[in-house]
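Colleague: I am new to this structure and would like to learn how to read some of its features. Could we start with charged side chains?

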Amino acid sequence: MPPVEVIDQTLRDGQQSYWGMRMRAGQIIPVAPLIDAAGYRCVDLTGSSIFEVMVRFREENPWKGLDAIRAALPRSTLRAGTRTNGIVGMNVTPDSIVELWIRTLAKHGIGSLWIFDCLHDAENMIRVAKIARDAGMDPSPQLNFSQSPVHTDDYYADVIDRMIAGEAAHTIILGDEAGVLGPERARKWIRQSQERAVAGDTPLEMHFHNRTAMANLNHIIGVEEGVRIVHSAISTLANGVSMPSTEVTVDNLRRLGHEVAIDDSRLAEVAEHFGGLADDEGFARGAPVEYQVANIQQQFPGGMMGTLREQLKQVGMSERLPAVLEEAIRVREEMGWPIMATPFSQLVGIQALLNVVQGERYATIPDENLMYLAGWYGKPPGEVDPEVLDRAAAHPRGKEMIAAGHAPQPSLKEIRASYGENLTDEELLLRYLIPGEDVETMYRADNPIEPILPLGGPAGLPWLKDLLRAADARGVSVTRGGVSVTLRK
């Protein structure tokens, strides 16, 4: 049996779950050599939503950041992600932009592409996988677990069979973003998927979030069933809304007699670095959670919970969160049981929030929900409630969308004509995906990509924190090795 390989999720899903995607490239660079030397099968790094956050909230050029990280991780295969029919936000993105996004990522050194479509349009996923493969990437479409009357063993068997039959997947990812996969179902689901994957000569990966404290055990079950690739994150960005920690994952598997192909001797330094940065930035450190039945019923990924809390806070209705979560269970059923991951967790969550806050169900249906109900995202997995469909059809925008049948599909030439013929692919993507003034503001700021160390860690400057807090301090001198520095106000 070959050794178990690890895909690092610290820099993508870990920081997406705990830092709201606000990790700067410069915060990665100081520990990049340690990550590069660990021997990960792959380092998951970025996605279009991270690009948007870098531009809007950090005024940092994400293409420059990607290039800097690529240079700092010369031995690692880097992974990025895409939805099949959507990039930034909840909207539907033209196929021409999705293809340009993939090919431009490849040009910047991304060697692996994670592909997801929570309606499991396998043919569309294979279409995107072929684009990635032609661009020189290893494509990995994802099979997302969910609990519902329609997400049965037969349903999943059909989807994975179609993925394998497409002959484009380098690997197939088994995903559980909501962290609701229990051990008994895990054994059955993983075994069924592994049997098909082995027959199709397509390795599986396990991407399990730990929101209900079951992912560590499911890793073990999966490895026992023959899966040899696991996803994890460094401990200070792991557990809870994120993945299991790499440290515990590796230790568990080795104690059970499995060989794991990773050098974990310096992971503690990586954990300390990101833990210190989290403290500096005011982000939570990763921490284990308790098993909660409510989480399984609601099936919200962790990031969406934070969004709902913030939106209720803005309208002075924070105490209504339990009501919104219960309403979401009902809305999900009425919308045909979409899997609670991007973008459908947001669609269900926002509709539930509007239903509760406005006091009338479906008084307002956001455009993105109208797109879903009109079939623009694809076919819902289950039957949509007829009354909800009637509400959508009665809405002027909904009526237009239903009549159109699908989202607009402008060509790249048409898009270029609107944004400027002389724009680079990189700038065109930013301006198309992030409308408004934010891209221009980012270019004006022209922030450099420089190493960023935590103020408090052993490699940081703990004395600087004290200086910043001391209003009466007039200066400070410090000597380290043969270098002396004096700072004065």
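Modeller: A salt bridge here is a side-chain nitrogen of Lys or Arg within 4 Å of a carboxyl oxygen of Asp or Glu. Keep in mind that this is a predicted model.

Colleague: What is the general idea, and how many salt bridges does the structure hold?

Modeller: Side chains of opposite charge can pair when their charged atoms come close. The structure holds 35 salt bridges. One of them joins Arg41 to Glu5, with the closest N and O atoms 2.7 Å apart. This pair links distant parts of the chain, 36 residues apart: Arg41 is in the loop between α3 (32-37) and β2, and Glu5 is in strand β1.

Colleague: Are Arg41 and Glu5 buried, partly exposed or exposed?

Modeller: Arg41 counts as partly exposed, at 26% relative accessibility. Glu5 also counts as partly exposed, at 27%.

Colleague: Which residue forms a salt bridge with Asp36?

Modeller: Arg75 does, and the closest N and O atoms are 3.7 Å apart. Asp36 lies in helix α3 and Arg75 in the loop between α5 and β3, so the pair ties together parts that are 39 residues apart in sequence. Asp36 counts as buried at 8% relative accessibility, whereas Arg75 is exposed with a relative accessible area of 64%.

Colleague: Where do Arg254 and Asp264 lie?

Modeller: Their side chains meet in a salt bridge of 3.2 Å, N to O. Arg254 is in helix α11 (residues 246-255), and Asp264 is in the loop between α11 and α12 (267-281), ten residues apart. Arg254 counts as partly exposed at 35% relative accessibility, and Asp264 as partly exposed at 30%.

Colleague: Which residues are linked in a network of salt bridges?

Modeller: Lys107, Arg416, Asp425 and Glu426 are linked in that way.

Colleague: What about a charged residue that has no salt bridge, such as Asp8?

Modeller: Asp8 is found in strand β1 (residues 5-8). Asp8 is buried, and the nearest side chain of opposite charge, Arg12, is 10 Å away. The cut-off for a salt bridge is 4 Å. The side chain of Asp8 does have a polar contact of 2.7 Å with the side chain of Thr10.

Colleague: Which residues is Asp8 in contact with, leaving aside its neighbours within four places in sequence?

Modeller: Among them are Ile35, Tyr40, Cys42, Val43 and Asp44, and also Ser232, Ala233 and Ile234.

Colleague: Now to strands. How should I read the two sides of one?

Modeller: In a regular strand the side chains alternate between the two faces of the sheet. Take strand β3 (residues 78-83) as the case. On one side are Leu78, Ala80 and Thr82, on the other Arg79, Gly81 and Arg83, and all of these are buried. Six of the six residues of β3 are buried, so the strand is largely enclosed by the rest of the structure.

Colleague: Which strands does β3 pair with, and in what sense?

Modeller: Strand β2 (residues 42-47) and β3 pair in the parallel sense over four bridges. In that pairing Asp44 stands opposite Arg79. Strand β4 (residues 110-116) also runs parallel to β3, and six bridges join them. There, Leu78 stands opposite Ile110.

Colleague: The last topic is aromatic rings. What describes a pair of them?

Modeller: A pair of aromatic rings is described by the distance of the centres and the angle of the planes. A search of the whole structure finds 13 aromatic pairs. Phe51 and Trp63 form one that is edge-to-face, at 4.7 Å centre to centre and 85 degrees between the planes. Phe51 lies in helix α4 (residues 48-58) and Trp63 in helix α5 (residues 62-72), so the pair ties together parts that are twelve residues apart in sequence. Phe51 is buried, with a relative accessible area of 5%, and Trp63 is buried, with 4%.

Colleague: How are the rings of Phe145 and Tyr156 arranged, stacked or edge-to-face?

Modeller: Their centres are 6.2 Å apart and their planes at 15 degrees, so the pair is stacked. Phe145 is in the loop between β5 (138-144) and α8 (153-165), and Tyr156 is in helix α8, eleven residues apart. Phe145 and Tyr156 are buried. Ring pairs link Phe145, Tyr155, Tyr156 and Trp189 into a cluster.

Technical notes:
Residues are numbered from 1 along each chain as its sequence is written. This is a predicted model: local features need pLDDT of at least 70, side-chain atom pairs count only at pLDDT 80 or more; totals for chains, interfaces and linings use all residues. Side-chain values use heavy atoms; hydrogens and water are left out. Buried means under 20% relative accessible area, exposed over 50%, partly exposed in between (1.4 Å probe, protein chains only). Helices (H or I, at least four residues) and strands (E, at least two) are DSSP runs, numbered from the N terminus. Two strands pair if DSSP finds at least two bridges between them. Lys and Arg count as positive and Asp and Glu as negative; His and the chain ends are not counted. A polar contact is a pair of N or O atoms within 3.5 Å; within protein, one must be able to donate a hydrogen and the other to accept it, and residues adjacent in sequence count only if both atoms are side-chain atoms. Contact means heavy atoms within 4.5 Å. Rings of Phe, Tyr and Trp (its six-membered ring) pair if their centres lie within 6.5 Å; planes under 30 degrees apart count as stacked, over 60 as edge-to-face and the rest as tilted.
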